Every structure is written in structure tokens, then in C-alpha cells.
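This briefing covers charge, fold and core packing, in that order.

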Amino acid sequence: ERKEPAREAAFSEVAQTLSRYRAAFEARSEEQLSEVVDKDLLVLEGTAKNVGWPDYRDNHIGPEMKEWESLSYAEPVIVDLEAAGDTAWAATQSTVTIVSGGKPMTIDAAETFVLRKSAGRWLIRHIHWSGKRRPESKAAEGK
């Protein structure tokens with residue numbers, strides 16, 4: 001099936017926004033993250049909810065980022081992506097490793113994003129994040 005050039009461009013732009021989102025996390029940068037999220041961002045993670053970028057930044061992700069020594073994404077995959085007009089959504093999977101207190105924690109993560117195009121650029125309007133922590137290996141525990 002041949003896709004329309006405008007739709008292909010939207011897919012590429014959305015994928016770039018998601019890549020910048022991951023890079024912001026890896027840099028642990030609130031500033032970089034603020035460049036890819038909408039001010040009216042809604043985040044659902046487990047049973048937690050953040051409404052608006054200031055709430056997410058000040059009461060959730062900002063404090064968490066300060067605790068992390070590092071965060072890295074491995075094998076990020078866009079599982080599904082759709083765009084129509086100024087709205088897009090994407091489902092992704094990846095492996096996230098966070099080091100905090102000198103100890104790595106690896107999580108198999110899945111995210112759903114809703115994006116809105118505003119002033120010529122795609123911004124993340126909604127994130128639903130879930131993950132399952134991988135058990136620590138005996139080698140990692142030094143046993």
C-alpha cells in the first residue's frame with residue numbers, strides 16, 4: 001500500500017519527536033523534555049496521574065530525574081503509529097535501564113503517546129506509561 005507524502009512526513013516528524021523525548025530522558029533534562037511536551041500534557045503511569053507540564057515536571061519526573069545517576073533506552077520500537085490532520089498517536093516498546101543509588105534497574109516498558117501538531121511542530125499531549133521490572137540476575141548481585 002502506497003502512503004501519501006503528507007502522511008509519511010507526519011510519521012517521520014512524530015518519530016523524530018519521540019526520539020527527542022527519549023534523548024531528553026537519557027540526558028535527564030527537564031529543559032529538553034519541555035521542548036517536546038505540550039503545556040497541557042496528561043500523564044498516566046500506573047495509578048498516578050499528572051495534569052499539565054508543571055505538575056508532571058515539579059511533582060513527578062523532575063524529582064525522579066534528580067535521583068537517577070543515569071537512564072538509557074535500548075531497542076526502542078514504534079509498534080504502531082497513526083496520524084491524521086493535527087493529531088497522531090504512537091505505541092512504543094523499549095527496555096529502560098535506570099541507575100539510582102549505584103544500582104541498575106531494568107524495565108520492559110510500553111508507552112502510548114498522543115501528539116498534537118501546533119505551530120508547525122508535533123508535541124506530546126498525552127503519555128500512558130507502563131513497565132515491568134526485570135528480576136535482578138545473580139551475576140548482577142555478585143553471587
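The protein carries 20 positive and 24 negative side chains, and the centres of these two sets are 2 Å apart. The model is a predicted one.

**Surface**
- Of the 143 residues in the protein, 34% are buried.

**Fold and dimensions**
- Three helices and six strands make up the secondary structure elements of the protein.
- Read from the N terminus, their order is α-α-β-β-α-β-β-β-β.
- The protein is as compact as a globular protein of its length, because its radius of gyration of 16 Å is close to the 15 Å that the globule rule gives for 143 residues.
- The C-alpha trace spans about 55 × 35 × 25 Å along the principal axes.
- Counting contacts between residues at least 6 apart in sequence, 49% join residues at least 24 apart.

**Nonpolar core**
- The largest nonpolar core has 33 residues, and those touching the most other members are Tyr21, Phe25, Leu33, Leu41, Tyr56, Ile124 and Ile127.
- At least two residues of this core come from each of α1 (5–27), β1 (37–45), α3 (53–67), β3 (70–84), β4 (87–100), β5 (103–118) and β6 (121–133).
- The biggest contribution to this core is that of α1, with seven residues.
- Beyond its neighbours within four places in sequence, Phe25 is in contact with Leu33, Tyr56, Ile61, Met65, Trp68, Leu71 and Tyr73.

Technical notes
Residues are numbered from 1 along each chain as its sequence is written. This is a predicted model: local features need pLDDT of at least 70, side-chain atom pairs count only at pLDDT 80 or more; totals for chains, interfaces and linings use all residues. Side-chain values use heavy atoms; hydrogens and water are left out. Helices (H or I, at least four residues) and strands (E, at least two) are DSSP runs, numbered from the N terminus. The radius of gyration is taken over C-alpha atoms; the globule rule is 2.2 Å times the number of residues to the power 0.38. Buried means under 20% relative accessible area, exposed over 50%, partly exposed in between (1.4 Å probe, protein chains only). Contact means heavy atoms within 4.5 Å. Lys and Arg count as positive and Asp and Glu as negative; His and the chain ends are not counted. The place of a charge is taken as NZ of Lys, CZ of Arg, CG of Asp or CD of Glu. A nonpolar core is a set of buried Ala, Val, Leu, Ile, Met, Phe, Trp, Tyr and Cys residues joined through side-chain atoms within 4.5 Å.
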